[in-house]
Amino acid sequence: MAHADRARTGALSRGAALASTYRVQLRTPASDPEGRGFVLADVEDLVPYLADLGVGSVYLSPILEATPGSTHGYDVVDPTRVAAELGGIDALRSLRATCREHDLGVVVDIVPNHLGVDRPAANRWWWDALRRGPESPYFTYFDFDTEAANGADGRIAIPVLGSPEDVEQLVVVTPSRTDTDTDTSDTDGAETELHFYDHRFPVAPGTGDGTAQQVHDRQHYRLVHWREPLLGYRRFFTVTGLAGLRQEDPAVFDATHAEVRRWCEEDLVDGIRVDHPDGLADPVGYTRRLRELAGDDRWLLVEKILAPAEVLDPAMPVDGTTGYDALRLIDQMLVDPAGQARLTELASRYCGGPGDEEQVHEQSARLKRQIVLEDLAPELGRLTRAVRRDAALGREATEVTGDDDEALLREALVSVIERTPAYRADYPVLRGTLPAILDGLHRDRPELAPALGLVAGALARGTEASARLAQVTGAATAKAEEDRLFYRLGRLVSLNEVGGSPGRMGLPVEAFHLAMAERALACPLAMTALSTHDTKRGEDVRARISVLSQLPMQWAQLVSEVFRAFPPPAEDAGYFLLQVIVGVWPAGDDAEGDDREDDYLPDDLRSRLHDYAEKALREAAVHTTWTDQDGDFESAAHGWIDALLDSGGALLTPFVERIAPAGRDNSLIAKAAQLLSPGVPDVYQGTEVWEDSLVDPDNRRFVDYEPLRSGAVARSGHPKFAMVREALRFRRAHPAAMASGAHVPLPVRGPAAADVVAFTRLVDRGAAVGMIASRRTAVVGAGEFGGTEVLLPEGTWVVRPGGSVISGRVDVGDLLVGCPVVLIVRDDV
């Protein structure tokens, strides 16, 4: 039996724990201005509620010691202990015990790719490596670049200075013990530090005498201007505060996973989610070591972003991805392809391009090129050196020689990166991708032939150059698409999602069924997701925005009226942001109670939209950027948003009232599809009810659990909550079968058959569950589904919630009265 198959069989033995997950975002009190936090003890208090909801496992955001004040936990500074402010290891043990009492599992998110180094004194490994250099036992833990050719005199370049002249602002300090983040002293005078305003750096033993400049020049590191293309270590994307780890070294793996090993040895966790494996030098090798550590019976997931035509490499002994591939399928299934032509026209008019696959591909390639040459210039330089070094082992080194050819080699590498169709092409399942790219470049760019020979020779050895090319390609793709292009494309922003394919519009129901049937066979234990801490808009916001594809003419009219009454500072930015504003604008019963005023707006909506706009505009990098902010443009954009909030209700509210019901229909359909489809569904915190989150940190806001725990929401008959609870409870009653059972589309006949989503999941002992839903409810009225029938499998089926009994042929119009989707359950045959 293959390793992955053994892992899958073992993981299924975890039973109800793998029925579903419920993701919670932990926060230390120090990260919250109000000092509340959300720690492991708070999660433990939620366990009875989650058990009643039907959840299988509690899914924790990173729990290891992170940078003081971190709001997310992905900037781990000490991987050897559970964060004390979250409760430490004892709180994890207590949570585990309480979860066991309620038959819940525990899944934990780990971050193997990098450590947080923004505050060096908080990270003792980083501090010691900077202080002692190669003599530090931790120096080899980090992916340092100390070659003489790195531009920093062979030292570790750290981009922190505001200008090259700021090195004159350094001061030598001997801080008191209470000033330090952690105990970084020892017997040889480690107390001496270099300070640059609030930044603190260690001083090597015996080098603390003289001026600050002299002391600085003696260190193993060199502080440089942040705009210089100098960097002394691999980082996470372009975040210099996150330094890459060398997990390919078994000693580094053992040191950074000692706490994870303890969790497994004590059986404190049922599953592990791995953050960003694409950043590692050897993702396949890493997951093999992790599987060996965790054992075959623990659930392992990787946050691997798959391109639309890519599959998870079976060489990785994991159970699947974290679910962006499933999110893409479900979101596309809700989009009406009939709206494509008009939305394409609008995108061409307001955003400068149609937003189709051709434009997406062209812009992605162009942005990857730009990002590699600018943002990732240090990484490109290091990759170029690695290619020359690896090629020097063979005769290829003679093909391109001399400094005059350096630009040619860089151009060859950039051209390979911009043509790579996935985040990295070195997975075994993608074998042949790079040879095909080089073949195409030989034909299209013959002037690159000598440099391409050098690249091919280096990559053929499968050593450093191969790994660094993959790492740079992954970073370039993520920055170009997720962090830039997806903030520019405006055709339908609900599709601009992590792992998404916005160049496509709509997925036929039969294609959706086939994709899910393939998932049931290939990756039955992969996670399925609709919202995560990384989604750019929450599931219900995307569901409402997708309704625009059903009503493109009405949308075009609204845009015209809004832009005439409230001209945006730039039409492309305004068109993009207006979709988001429509996605979160309150409608109908969004207000609490019966005393809703016509101009009701949530108190925090204004600040949330301003924060979102600032991030979106800077990420897009068209009119303003993070590093070169255009204050006048940003002020105008914020003024435009204020004008809409203050005076645009007369235009926006009627339109939102028109699309909101269909938006909620989409939400319910998407949630039912996620919860019943093959895989293990994750319910992101608070999404068991309506939610309107935007990009982080907005989607990591605290959730008010009191109405949920008290039963008030359940008693109110909340449609999303009722449906989520029914589906989760069924999954928990049949966990193994729901994860591995077949996805069987139901025959649908009649005039509205193309807009009916109907399938069952066959489970154990004749029991089965399924869903029947109607799509495009903004344009296909409930009466139009009359005469369209679904043929049920044999047996008696019960509609949930509700309890009515159905069998044989069922008229969709009669079944879906007042609701776009129902769950159907068969207990026996």
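**Close-up views of a predicted protein model**

**Figure 1. Charged side chains across the protein.** The protein carries 86 positive and 130 negative side chains. The centres of these two sets are 4 Å apart. The model is predicted, as are the details in every view that follows.

**Figure 2. Overall dimensions and make-up of the protein.** The chain forms 28 helices and 27 strands. Its C-alpha trace extends about 85 × 60 × 60 Å along the principal axes. A compact globule of 829 residues would have a radius of gyration near 28 Å, and the 27 Å of this protein therefore agrees with that expectation. Of the 829 residues, 61% count as buried. The protein exposes about 30400 Å², and carbon and sulfur atoms supply 50% of that area. Among contacts between residues at least 6 apart in sequence, 75% join residues that are at least 24 apart.

**Figure 3. The cis peptide bond between D696 and P697.** Most peptide bonds are trans. The bond joining D696 and P697 is cis, with omega at about 5 degrees. P697 sits in a loop that has β18 (680–684) on one side and α24 (706–709) on the other.

**Figure 4. The cis peptide bond between R800 and P801.** Here R800 and P801 are joined by a cis peptide bond, and omega is about -10 degrees. P801 belongs to the loop between β24 (797–800) and β25 (805–806).

**Figure 5. D153, a residue with positive phi.** Most residues other than glycine have a negative phi. D153 is not a glycine, yet its phi is positive, at about 60 degrees. The loop that holds D153 runs between α4 (124–132) and β7 (156–161). Is D153 buried or exposed? Exposed means over 50% relative accessible area, and D153 has 61%, so D153 is exposed.

**Figure 6. H276, a buried residue with positive phi****.** H276 is not a glycine either, and its phi is positive at about 45 degrees. H276 is part of the loop between β14 (271–274) and α8 (283–294). Buried means under 20% relative accessible area; H276 has 12% and therefore counts as buried.

**Figure 7. An open sheet of 3 strands.** The strands of this sheet follow the order β6-β13-β12, and their pairing is antiparallel. Which strands form the edges? They are β6 (114–116) and β12 (235–236), each of which pairs on one side only. Between β12 and strand β13 (residues 239–244) the antiparallel pairing runs over 2 bridges. In this pairing, R235 stands opposite A243, a residue of β13.

**Figure 8. The surroundings of S57.** S57 is located in strand β2, which covers residues 57–60. The relative accessible area of S57 is 0%, so S57 is buried. Which residues does S57 touch, leaving aside those up to four places away in sequence? The list is A17, S20, T21, Y22, G105, V106 and V107. One of these, V106, is 49 residues from S57 in sequence, while the C-alpha atoms of the two are 5.2 Å apart in space.

Terms used. Residues are numbered from 1 along each chain as its sequence is written. This is a predicted model: local features need pLDDT of at least 70, side-chain atom pairs count only at pLDDT 80 or more; totals for chains, interfaces and linings use all residues. Side-chain values use heavy atoms; hydrogens and water are left out. Helices (H or I, at least four residues) and strands (E, at least two) are DSSP runs, numbered from the N terminus. The radius of gyration is taken over C-alpha atoms; the globule rule is 2.2 Å times the number of residues to the power 0.38. Buried means under 20% relative accessible area, exposed over 50%, partly exposed in between (1.4 Å probe, protein chains only). Contact means heavy atoms within 4.5 Å. Accessible areas come from the Shrake-Rupley method with a 1.4 Å probe; for residues, only the protein chains shown count as cover. Lys and Arg count as positive and Asp and Glu as negative; His and the chain ends are not counted. The place of a charge is taken as NZ of Lys, CZ of Arg, CG of Asp or CD of Glu. Two strands pair if DSSP finds at least two bridges between them.
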